[in-house]
Amino acid sequence: SSSSIQIAVIGSGYVGLVAAVCFAEMGHGVICVDNDERKVKALQSGDTLIHETYLPELLSRYCNKEIRFTTDLAEATRESQAIFIAVGTPQSETGDADLSYVEAVACEIARSLTKYTVIVEKSTVPVYTNEWISRALVRNGVPRDLFDVVSNPEFLREGTAVADFLHPDRIVVGSDSPRASEVLAGIYSPLTGGSYYQRPDAIGGMCSAALPPPLLFTSTKSAEIIKHASNAFLALKISFINAVSNLCEATDANVEQVANGMGLDSRIGPKFLRPGIGYGGSCFPKDVAAFRSVADQMGVDFSLLTEVEKINAQQKTRFVRKVRTALWTLRGKKLGVLGLAFKGETDDIRESPAVELIEMFIAEGCSIIAYDPAATSRTQEILPAGPKLEYADDAYSTAKDVDALLILTDWMEFAKLDLQRLNSTMRYPIVVDGRNLFDPGKMAAAGFTYISIGRPAAHPTRELGA
Ligand code: UDX
């Protein structure tokens with residue numbers, strides 16, 4: 001169509017790949033660049049490499065047509081009106097984001113830039129990165145009027161990434177140039193103008209009645225801060241409810257009731273108030289540390305973030321203590337573990353509290369049998385099976401003959417387990433649930449001793465074997 005824009009996406013990780021297929025779905029032409037030749041080959045053959053709803057369908061629909069994969073950044077730069085940088089910004093030893101990949105990409109873009117192009121930061125980067133990118137381009141000989149750098153942070157969650165991208169709460173564009181703002185407005189117009197949502201084949205369903213997402217223009221620095229501040233705030237919300245759950249445990253109150261009562265206040269909202277074993281994943285731990293480090297460098301006291309991290313770490317040691325209390329001692333005990341991924345419905349184990357807890361239990365002298373619907377092979381790469389650790393093929397065989405069954409990831413599959421069958425496979429029907437997946441009353445009725453987070457423990461209400 002006439003509004004189709006030619007876009008390059010640099011980096012085909014989570015954010016880059018999802019953005020690339022979604023831009024194609026929105027009607028644009030996309031060149032997706034990655035320097036990993038194997039990855040490019042896999043993508044060209046339609047292999048998504050990550051486990052994500054809608055991604056295989058969209059990839060096969062547009063692959064080698066509206067969206068091309070290449071290692072050739074120079075060609076992508078020459079052919080595109082906008083270049084989205086979506087490479088990794090890993091955590092460095094000091095906690096701040098390592099921007100060497102972003103810098104390398106900026107320098108490579110500089111070598112091939114011959115016409116006006118908008119350079120878009122899509123990776124999560126600290127404030128001032130846009131200025132560093134600009135400086136790198138100028139230093140490499142690009143005239144200042146040939147480009148603008150804007151910030152367009154991405155808020156997608158793993159597991160619902162495609163739907164999140166196409167149905168965002170808001171689209172943030174940090175731009176100090178009207179010309180660049182116009183290009184970004186054009187790219188997102190199928191969403192902000194609502195036309196995408198009238199398509200009968202729209203991902204996530206046709207929803208012409210819903211309001212299209214607002215396009216929020218800010219300064220580039222504000223946009224950079226919005227991304228870090230949003231993730232840090234969500235992490236804070238989780239640490240807050242985790243601290244409240246500890247208070248509920250100490251007072252025999254019920255955190256579910258407390259969170260529900262808090263969340264009905266529209267100023268607080270019900271989301272991200274689920275207590276558990278702490279947040280993990282590729283974003284929250286890294287972004288909280290990076291934001292804290294930004295504040296430090298600017299001389300701003302943001303020790304609140306240190307407390308958020310402290311509560312998050314304590315939540316894991318508390319869980320170990322909880323299991324110890326349930327079993328009296330830990331050394332020599334066999335524990336069944338349900339869940340390895342950092343959250344349900346994903347195979348991602350980056351910064352997974354489940355993986356960390358397994359290591360902690362092994363250090364306490366326990367042996368582990370673990371199961372995850374999708375993350376087992378990834379976990380085996382970092383925690384190979386051995387005398388203290390084995391992997392099971394399903395939840396029921398995980399529960400067989402263990403001293404206690406631990407639930408460490410909120411997979412839907414676990415919530416749907418047949419409780420009678422589970423109970424009958426267990427020698428000691430003790431479940432310690434780090435994700436509050438079950439109703440304590442139902443667990444008690446099914447014959448379990450059930451210990452969860454921030455809720456009173458439940459005990460079998462019927463005679464075992466009855
Ligand atoms: C997050 C942000 O939500 C997203 O906007 C950003 O772009 C990337 O980081 P993601 O890492 O995919 O997304 O996972 P999310 O669903 O936010 O969960 C993060 C962690 O918090 C998980 O370990 C999850 O189990 C935990 N969590 C989440 C809780 O413990 N309680 C909650 O109420 C919500």
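Ala, Val, Leu, Ile, Met, Phe, Trp, Tyr, Cys and Pro are counted here as nonpolar, Asp, Glu, Lys and Arg as charged, and the others, Gly among them, as polar. By this division the shell around the ligand holds 10 nonpolar, 4 polar and 5 charged residues. The model is predicted, so that local features need pLDDT of at least 70 and side-chain atom pairs count only at pLDDT 80 or more, while totals for chains, interfaces and linings use all residues. Residues are numbered from 1 along each chain as its sequence is written.

Of the 19 residues around the ligand, Glu158, Arg274, Tyr279, Gly281 and Cys283 come nearest. Helix H9 (residues 220-251) gives the most to the shell, with 3 residues; helices (H or I, at least four residues) and strands (E, at least two) are DSSP runs, numbered from the N terminus. Because domain 1 (6-218) and domain 2 (221-466) both give residues to the shell, the ligand lies between them. The domain bounds come from an automatic or database domain assignment.

An unreviewed UniProt entry lists Asp34, Lys39, Thr89, Thr124, Glu158, Lys286 and Arg350 under "binding site". These positions span 317 residues of sequence and are also spread in space, up to 24.2 Å between C-alpha atoms. UniProt positions are given in the numbering used here, feature names are shortened, and annotations may be inferred rather than shown by experiment.

Asp34 is found in the loop between strand E2 (29-33) and helix H2 (37-44). Asp34 is buried, because 23 other C-beta atoms lie within 10 Å. Contacts (C-beta atoms, placed from the backbone, within 7 Å) link Asp34 to Gly11, Ser12, Lys39, Val40 and Thr71, not counting residues up to four places away in sequence. Lys286, in helix H11 (residues 284-297), is also buried, with 21 other C-beta atoms within 10 Å.

In helix H6 (residues 129-139), the buried residues are Thr129, Asn130, Ile133 and Leu137. Viewed down the axis of H6, they fall within an arc of 105 degrees (taken from the directions from the helix axis to the C-beta atoms), so they line one face of the helix. They pack against helix H5 (100-112), strand E5 (117-121), E6 and H9. The face of H6 turned away from its buried side carries the exposed residues Arg135 and Arg139.

Terms used. A residue is near a molecule or strand if its C-beta atom, placed from the backbone, lies within 6 Å of it. A residue is buried if 20 or more other C-beta atoms lie within 10 Å of its own, exposed if 12 or fewer, and partly exposed in between; C-beta atoms are placed from the backbone. Two residues are in contact if their C-beta atoms, placed from the backbone, lie within 7 Å.
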